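Work through these exercises with the sequence and the 3D structure open. Try each task before you read its solution.

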Amino acid sequence: MEAEEFRLVREALRAFAADHRCDTAEVGQAERTTAQKSLDGLGLGELRRSTPPLASAQECALLAEEYGRQPLATSFLGTVLLAPEVLRLLAVTGRHAPYESRPTVALTRDLRFTGRYSDADHVAWDAEGAESALWIGDDGTVRALELGGPAPTTDLLRVVREAHPGTPDSVLGRLVPEQLQAWRAWALVMVSSELVGAAASFVEQSTAYARDRSQYGRPIGSFQAVRHLLADATVAVEACASATRYAAWCLDHAAPDTALAAARVAKAEVDVSAVEAVYAGMQVFGGIAQTWEHMAHLYLRRVRVGATVLTGTADLLTALALPPSGPHVVEAS
Amino acid sequence: MTDHDVPLDFGDPADLDMLRRELRAWLTEHPLPRRRNGEPMAEFLHRWHRQLHSGGWVGLDVPERYGGRGLTALHQVAVSDELGACRAPGVPRIGYLAHALLEFCSEDQRARLLPRMLSGDDVWCQGFSEPGAGSDLAGMSTYARRSPDGGHYLINGQKLWTSYAQYSDYCLLLARTDRAAPAHSSITAFALPLNRAGVTVRPLRAANGDDEFCELFLDDVRVAVDERIGAEGDGWPLAMTTVNYERNALDTGHLSKYGLLLERLRRQLREHPDALPDGLVSAVGRCVVDYQVLVAHTRRRTAERLAGRPAGPESSVDKLLMTRAEQRLYETALAVLPEELHRDGGAVYGEYLYSRAASVYGGTSQIQRNIIAKRLLHLPSAS
């Protein structure tokens, strides 16, 4: 995408987010539907429809960061970035019949990458406006699951629904091992990017608050204890941003296994640092951030659940300490 | 995210790749020197400095007329990277001094001092810190009194942490030239020859046994006006330029060093999976993350420079990330390689001790946080 075009797309997304940001966790279905229509109206679904795609992975990752900055009840990750990329990869190898439904992705009930058995317990993640969910097996098989009722989640703005195989079982195609690696790397990077945006924005908002809020006759941002807290949160956010943006660049320019390794590093950093950054911001806001009305818990809920989405930190750290040998090993996380 | 956060090119430009290949070829023809039995580290490093210079591998970002190669900081980064990757000692630690001289010296001084600095004919050290002024440079009390006729200065005072002063020919010295004015306008820089009468150098033994750090005593040391660098009062901005380079993420020699140690830790996990408690696998994984994040962060900084964004106070972020990676890595190394914990004088234990200094030298971690709060976050000051 040309630089100017990217700037315009990002501005449009920013304007959408400003219009539809949620101030509370209580969002009615009518509101959600209106917001999703407005988001869909931006045409971002086209960004990765074709091959080569209109937008690079790095551009999509920066858009995911932008999206993550505001509390929103729409689906961008699942239905715009994650599931369409599966369909695009299937189309590349020609192993995919036209698929008319609007899917999001299926994850295990604890929100991890799906594994071997499609009849296991699954949910459709980030399912606002979705009509089905794509299940991606360890062997690359892609199935369409049907959606059921709402599933429990603590990330209150994010819609999660039950998902189960239909009859007959609907296999859409199969990703080759490199494509599966590429998709998992893609998913890790996009989810991480959204969390980076959330953490960065929340730290900025708490920093602004520290400039204004006075106690003992001076702004709390003049107290060294507060300054150092925010400085550490800033370092944490910068570490996350560097890791995710580099991993996104790898998606565009490196082999899938390299991209997956970089994506894991990014997710492992974000899982810890984005949460810590939000903790720091909440501490700066103090008592007000502990209330239902304040937006702090919306950010906390997003990053805290996000830190376990797709894969958990413990699995990532083990995989990074003991990388598998052999050129074509594709692991579950 | 600001509007500055646009897609960046994290890859190496093509000519950098060529330079890397050129250096690799040169290194195969010029094997690394071996440290002789009992040879002081500084002398060994000096031999290495001269060897590198003979191949044109010192001062890549210094203009050719001063003995460099007239390339960019990124070329210097690539050299640092390659040397680390082949376990060579790093590039000579003169980059930040050379930049200070380039920016603040007169043309005549640049021509006289820089080529000899780059070639290793003159060895330089840095005389900034004092017993009463570490991170708080403004508290400096070394005083340079101008003679009544204005022809020279007499300097009195004491400096501390002047690395390898006992092996050096010159010191980039900071001293006050006005006791009444605020630090930002009253500190002046000098190129002080260390063989000058009145200079006493006393090495300190560091916690790891090395004799890197020195004290420098200055008793009525006479320096000429043309040994002053820049104008009176330029010492403060010179110091700020210097420390920004010192904290920069772009000096990547240490990155390769971390990478090699990490490989050793991973090998240990692979080969002796049952000898270590489970938690250590995660601990090593965490070090891998720290290290790879630092690599990504450095690439981001490089890409930002290439995209034309100048370096600034965000070098404090870089330094804190570097400190995090280094201190956790050596801490973990002693747990994964327990025999190293009991080998005083061993390389890993020595580097472990040195890693504790990472949060102190070049401005303490607390000072870096102050800088981030003030200059990046624009938080109000206490007054």
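**Exercise 1: A salt bridge inside chain A**

Arg302(A) and Asp155(A) form a salt bridge, with their closest N and O atoms 3.1 Å apart. A salt bridge here is a side-chain nitrogen of Lys or Arg within 4 Å of a carboxyl oxygen of Asp or Glu. The model is predicted: local features need pLDDT of at least 70, side-chain atom pairs count only at pLDDT 80 or more, and totals for chains, interfaces and linings use all residues. Residues are numbered from 1 along each chain as its sequence is written, chains are lettered from A and ligands numbered from 1 in the order in which they are written, and side-chain values use heavy atoms, with hydrogens and water left out.

Task: Find which parts of the chain the pair links, then state whether Arg302(A) is buried or exposed.

Solution. 
Step 1. Arg302(A) sits in helix α8 (residues 296-306) of chain A, and Asp155(A) in the loop between β4 and β5 of chain A. They are 147 residues apart, so the pair links distant parts of the chain. Helices (H or I, at least four residues) and strands (E, at least two) are DSSP runs, numbered from the N terminus.
Step 2. Arg302(A) is buried, at a relative accessible area of 5%. Asp155(A) is buried too, at 3%. Buried means under 20% relative accessible area, exposed over 50%, and partly exposed in between (1.4 Å probe, protein chains only).
Step 3. Side chains of opposite charge can pair when their charged atoms come close.

**Exercise 2: Strand β3 of chain A**

Task: Explain why β3(A) counts as largely enclosed, and list the strands that pair with it.

Solution. 
Step 1. Strand β3 covers residues 132-136 of chain A. Five of its five residues are buried, so the rest of the structure largely encloses it.
Step 2. Take the faces in turn. Ser132(A), Leu134(A) and Ile136(A) are buried on one side, and Ala133(A) and Trp135(A) on the other.
Step 3. Look for partners. β1(A) pairs with β3(A) in the parallel sense over three bridges. Pro103(A) has Ser132(A) as its bridge partner. Two strands pair if DSSP finds at least two bridges between them.
Step 4. Strand β4 (residues 141-150) of chain A runs antiparallel to β3(A), joined by four bridges. There, Trp135(A) is partnered by Arg143(A).
Step 5. β3(A) and β4(A) form a hairpin with four residues between them. Gly140(A), in the turn, has a positive phi of about 95°.

**Exercise 3: A threonine in chain B**

Solution. 
Step 1. Thr242(B) is buried, with a relative accessible area of 0%.
Step 2. Compare sequence with space. Thr242(B) and Leu97(B) are 145 residues apart in sequence and 6.7 Å apart in space, C-alpha to C-alpha.
Step 3. Now inspect helix α4 (residues 95-104) of chain B. Eight of its ten residues are buried, among them Tyr96(B), Leu97(B) and Ala100(B).

**Exercise 4: Where the chains meet**

Task: How many residues of chain B are in contact with chain A, and which helix of chain B gives the most?

Solution. 
Step 1. 42 residues of chain B are in contact with 45 residues of chain A.
Step 2. The rule finds four salt bridges across this interface. Asp232(A) forms a salt bridge with Arg369(B), the closest N and O atoms being 2.5 Å apart.
Step 3. Four elements of chain B give two or more residues to the side that touches chain A: α8 (253-271), α9 (279-306), α10 (315-336) and α13 (365-376). α9(B) gives the most, with 13 residues.
Step 4. Stay in α9(B). Arg300(B) and Glu304(B) both lie there, four residues apart, about one turn of the helix. Their side chains meet in a salt bridge (3.3 Å, N to O).
Step 5. Glu238(A), Arg300(B), Arg301(B), Glu304(B), Arg309(B) and Asp318(B) are linked in a network of salt bridges.

Conventions: Contact = heavy atoms within 4.5 Å.
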